[in-house]
Amino acid sequence: LKQHVLEMPLALSSYSNEAWHAPCQQFGGAACWHSPSRVALACLLAACGAEGLSADPQWSKTIHTIPNLDPGTDYKEYMKDVADGVTKKEYDELEDKYERLEREYANLRKAKKDATGGEEQREESKEEHGAPVGAKEKEGGGVKGTKAKEGGEEESEKSDEQEHAGHVLSVGMFGTVVTLAVSFGMASSKAVGGVVSDYTWVCLDRVVAIFLAVMWFQGFDELLDYSALGPTHKTLISFAHAFFLLAVAIFVSWKLRQNAILLSVWCGCGAHYVAFASLHASTSTQEAYSSSHGGAAKILVVLTVIYTLIAVAVHYLKKCAGLTEDDEWMEKVNDVENDFLALGLSAVWVQFVRMLCLGAFHPWEGEEEHSKHTESQRACMLAYAIAAIPIGAWVMVKVAKIKQATDSYWAKRLLMFLTAFFAMNVAWSFLLWGQWEFTEHIFRGEALFAKVIFSNVVSCCCMLGVIGLAHFKAKMGSEVMGNEFRVALTALALLIGVAWEDCFDSAVEHLAQGQGDEATFKVGLALALAAVIVPVYAWYLKPKAMEAQERMEG
């Protein structure tokens with residue numbers, strides 16, 4: 001800009017930087033400088049270090065100023081929109097950022113209090129008992145006044161936290177009482193020829209197994225730090241971890257094949273633990289390579305091919321080892337493999353549908369860190385979840401009829417996978433919608449309270465779903481085999497188990513704050529709960545569920 005200005009036909013002479021109004025005086029006084037553009041140009045030359053300007057009479061002829069323009073209507077309306085404030089999207093982003101900062105601030109205050117609580121208490125005790133009276137009075141107006149103010153803020157925050165905790169506890173206790181009462185009634189019911197009771201026992205069995213599996217997986221997974229790895233290495237290690245767990249699950253199940261109850265317990269909890277490892281590997285791969293819709297579709301195809309190759313390789317390895325002769329064991333292990341395949345691929349598929357709804361990819365974890373979803377996006381996910389129910393029911397009926405007409409092992413395996421895939425697709429869709437609707441919209445800013453409410457709603461809806469499946473089974477008669485209904489009950493259990501485990505995980509995170517190593521604390525708590533739940537599950541719940549399952553499949 002200086003270059004262009006100095007190339008104008010202006011005579012430059014010595015100029016002293018005495019005052020900014022000097023150019024005005026040089027060129028004919030203020031009357032000659034009625035245009036602001038000329039004043040700005042003179043100031044620009046002085047700021048750029050020009051040597052000076054002469055009182056050339058041709059000045060006014062060689063400088064062409066911009067004429068005064070009146071803004072049009074469109075420009076005025078645009079400026080009015082700008083003055084009115086930011087757009088709704090920007091407002092939501094700022095609101096989310098404010099809430100994140102507020103949570104971080106609360107966590108930092110709590111961490112500071114935990115770290116320095118002892119020192120502050122000793123200092124206050126020393127001031128109360130050891131300081132002179134004059135010093136106390138002198139400090140009363142300054143330091144103590146500040147501490148009193150901070151104490152009032154802390155008391156206010158404590159009061160809000162206690163009130164929030166009271167709401168969560170009240171809703172949780174109310175929901176637990178209602179859920180236990182209704183579950184006991186359904187398990188003891190003779191409705192629909194006892195089918196409601198059988199389905200309730202099987203569903204409870206799946207809920208406990210999924211809850212334990214998710215709790216263990218999330219606890220142990222935090223011990224494995226993937227944060228320092230790149231996308232490729234993270235994907236490879238996640239798949240290696242999942243394949244290793246699948247191999248261990250198959251090996252241990254073979255060793256336990258002589259004990260029906262232990263085999264069922266291991267294949268129940270172990271299958272879901274391995275399946276969530278598959279889920280983690282699949283979503284990590286999708287997150288790393290799904291920057292566009294085309295990339296997400298390619299990853300979906302690639303993962304389908306990988307899981308197909310895994311199923312074929314595992315079967316032929318079992319065949320080469322002579323393990324395929326035991327039909328009962330093969331049925332249990334096939335369920336483990338189907339859960340491993342279907343849970344991972346169904347989650348990736350729902351993530352792809354979610355990407356189509358949002359127009360961009362967001363990772364499965366850390367959902368609360370993203371901007372608030374719009375009403376149309378939430379409605380889109382709800383519509384998809386509702387539409388998935390009749391589609392899944394239709395697939396379940398068709399699969400059962402085709403399975404009865406074929407003897408091919410691979411055809412039956414494919415049909416079993418499709419049943420599990422469509423059932424889990426319904427579960428993941430409703431879980432994702434519930435997170436958006438309850439956590440982000442209805443109870444925004446109260447994540448734990450929203451999760452407890454959603455879990456209670458899911459529990460009630462799934463109980464109605466169990467009753468509906470029992471009546472549907474009675475209506476269909478022998479046209480649908482028990483295995484397909486068992487998969488549908490697993491999908492309902494997945495909804496309940498994951499929803500309540502999410503509440504439990506949030507509560508554990510609050511407990512783990514200030515405990516040093518949070519991952520170790522979570523693992524220890526998971527193992528302690530397992531030591532209480534697993535014996536009751538194996539000795540009392542699992543035998544009842546096995547009897548009910550035999551009646552279902554009969």
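**Rings, then a pocket**

Modeller: Start with Trp-433, Phe-438, Phe-443, Phe-449 and Phe-454, which together make up one aromatic cluster. Bear in mind that this is a predicted model, where local features need pLDDT of at least 70, side-chain atom pairs count only at pLDDT 80 or more, and totals for chains, interfaces and linings use all residues. Residues are numbered from 1 along each chain as its sequence is written, and side-chain values use heavy atoms, with hydrogens and water left out.

There are 14 aromatic pairs in the structure; rings of Phe, Tyr and Trp (its six-membered ring) pair if their centres lie within 6.5 Å, and planes under 30 degrees apart are stacked, over 60 edge-to-face, the rest tilted. Take Phe-239 and Tyr-307: their ring centres are 6.3 Å apart and their planes meet at 55 degrees, so this pair is tilted. It ties together distant parts of the chain, with Phe-239 in helix H10 (residues 231-255) and Tyr-307 in helix H12 (residues 293-320), 68 residues apart. Helices here are DSSP runs (H or I, at least four residues), numbered from the N terminus. Both Phe-239 and Tyr-307 are buried, buried being under 20% relative accessible area, exposed over 50% and partly exposed in between (1.4 Å probe, protein chains only).

Phe-421 and Phe-422 also pair up, this time edge-to-face, at 5.5 Å centre to centre with 85 degrees between the planes. Phe-421 counts as buried because its relative accessibility is 14%, while Phe-422, at 22%, is partly exposed.

Now the second largest pocket, which holds about 1,100 Å³ of space. A pocket is an open set of points on a 1 Å grid over the protein atoms alone, where a 1.4 Å probe fits, with protein on both sides within 12 Å along at least five of seven lines; lining residues have an atom within 4 Å of a point. The volume is the space filled by probe spheres set on the points, which are joined across faces, edges and corners. H8 gives the largest share of this lining, eleven residues.

Last, the loop between helix H8 (143-187) and helix H9 (195-221) contains Val-192. Val-192 has a positive phi of about 55 degrees, although it isn't a glycine. With a relative accessible area of 23%, Val-192 is partly exposed.

Key
Helices (H or I, at least four residues) and strands (E, at least two) are DSSP runs, numbered from the N terminus.
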